Amino acid sequence: MLSVLANRTYRHLFVAQFVALLGTGLATVALGLLAYDLAGVNAGAVLGTAFAIKMVAYVLVAPIAAAFADRFNRRKMLVTLDLVRAAVAIFLPFATQIWQIYVLIFVLQSSSAAFTPLFQATIPDVLPDERDYTQALSLSRLAYDLESVASPMLAAMLLAVLNFHELFTGTMLGFLASALLVVSVIIPSPKPSKPRGIYDRTTRGIRIFLATPRLRGLLCLNIAAAAAGAMVIVNTVVLVQSGFALGQRSTAMALAAFGCGSMLAAFALPKLLDRLPDRGAMLGGATALVFGLLCSAIITNYFALLALWFFIGLGYSLVITPSGRLLRRSSQAEDRPALFAAQFALSHVCWLLAYPVAGWVGAKLGLSMTFVLLAAIAAIAIAAALSLWPSQDIAELEHIHQELPEGHQHLAGAMSVDGGFRHVHEFVIDDYHSEWPGRAI
């Protein structure tokens, strides 16, 4: 897996991703302490609102930012967004009012909503070989999982000698380091697509996403992943500290078990995907999530929780990690920023719906019922994915063009038939293909 780091451009981008994630992790810890400093016992409400603002920014800003992604140099855009995030980190320690936190968080997360899909869309252009790209996806998953473990530990060590306000300095340094690493390499930027209206550009990624069968299946699997992931994130502390009467360290260990499961799957995926199609691996992972949720409904002790969280982490990574391969396979290079932004926004809609179910239903009906409910939601999502994503997911498809004129450049080698021209090639939704084959094009 590490052989892909021999590519200098990707190596710099991967390290940039990791240091930015570390900075974000420090900010998460520091933000919780800042909220408590300003709001006391109401800190939970402040953080809940801040995370809601984060999700809203992700859902709304990502498609809009992607609409203009091909109008700017990618490297300059990524560096500018890193600098904006660094500037917000500088100002956060000086917030003295709750509303100031909300404004700064919206700016920070809006910048991340623009940065992350554009960054993700860049990697397939840096690593055009699918095997290399698969390894990059696994490394990216590892980076997220390692950050979830490393950031709290780093924060704990720094807090032994620093004030929590100074953790935001680490966040700033992380974003500045990311900007320096990005600017140190040449990043390919696809040629701008033809001029489009703002509505067309803003909705293009979502329209491509929803018109592609494998991506409709991915959306359903995002629901299953969010159902399990939200339960882990929201209710681990409740299970461990209220259900088993254990402490904060035990809570951290449980979350680490989930991360370890995810990391193990990420290590195994490159070789696994050499033998299994993406569809089989992802559906298997989603099925594991349903099984894990159902078993969690009857959990009786902490060690069983650790085993189940590890198992759910495995399933979660099997679902999430290959998604970039599907997006890459389903788009032209110039449409990738829009499509990755669509995945970013739609997946966070799933989380925005799953979080309240995991939290509010858990508080009202109890955790056992919530586990069963979310398992049922995930199972329905899997059934929908099976229906929407054909088992024979063939890249090259025969189709007929009815509206392109004879002699059009796209029809080179096409056969004239009644009502149009027939040919076969690797099929994606784009300017020449507005619908999937099987219907008129």
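In which helix is Pro-117 found? Pro-117 belongs to helix H4, which spans residues 98-126; helices (H or I, at least four residues) and strands (E, at least two) are DSSP runs numbered from the N terminus. The model is predicted, so local features need pLDDT of at least 70 and side-chain atom pairs count only at pLDDT 80 or more, while totals for chains, interfaces and linings use all residues. Residues are numbered from 1 along each chain as its sequence is written, and side-chain values use heavy atoms, with hydrogens and water left out.

Pro-117 is buried, with a relative accessible area of 2% (buried means under 20%, with a 1.4 Å probe and protein chains only). Leaving aside residues up to four places away in sequence, Pro-117 touches Ala-62, Ser-112, Pro-337, Phe-340, Ala-341 and Phe-344, where contact means heavy atoms within 4.5 Å.

Two packed helices are described by the angle between their axes and the distance between the axes. H4 packs with helix H13 (residues 336-365) at an angle of about 125°, and their axes are 8 Å apart; axes are lines fitted to C-alpha atoms, for helices over the stretch in contact, and angles run from 0 to 180 degrees between N-to-C directions. H4 is therefore oblique to H13, since angles under 35 degrees count as roughly parallel, over 145 as roughly antiparallel, 65 to 115 as roughly perpendicular and the rest as oblique. Among the residues that meet are Thr-116, Pro-117 and Ala-121 in H4, and Pro-337, Phe-340 and Phe-344 in H13. By class, this contact of H4 with H13 has nine nonpolar, three polar and two charged residues (Ala, Val, Leu, Ile, Met, Phe, Trp, Tyr, Cys and Pro count as nonpolar, Asp, Glu, Lys and Arg as charged, and the others, Gly among them, as polar).

A second pair joins helix H8 (residues 213-243) to helix H14 (residues 367-388), at an angle of about 165° and with axes 7 Å apart. H8 and H14 are therefore roughly antiparallel to each other. Their contact includes Leu-221 and Met-231 of H8 and Phe-371 and Leu-374 of H14. The residues of this contact divide into 18 nonpolar, three polar and one charged.

The structure also holds an open sheet of three strands, in the order E1-E3-E2 with antiparallel pairing; two strands pair if DSSP finds at least two bridges between them. Strands E1 (396-401) and E2 (415-417) are the edge strands, each pairing on one side only. Three bridges join E2 to strand E3 (residues 420-426), and Val-417 stands opposite Gly-420 in E3.

Key:
Buried < 20%, exposed > 50% of the residue type's maximum accessible area, 1.4 Å probe, protein only.
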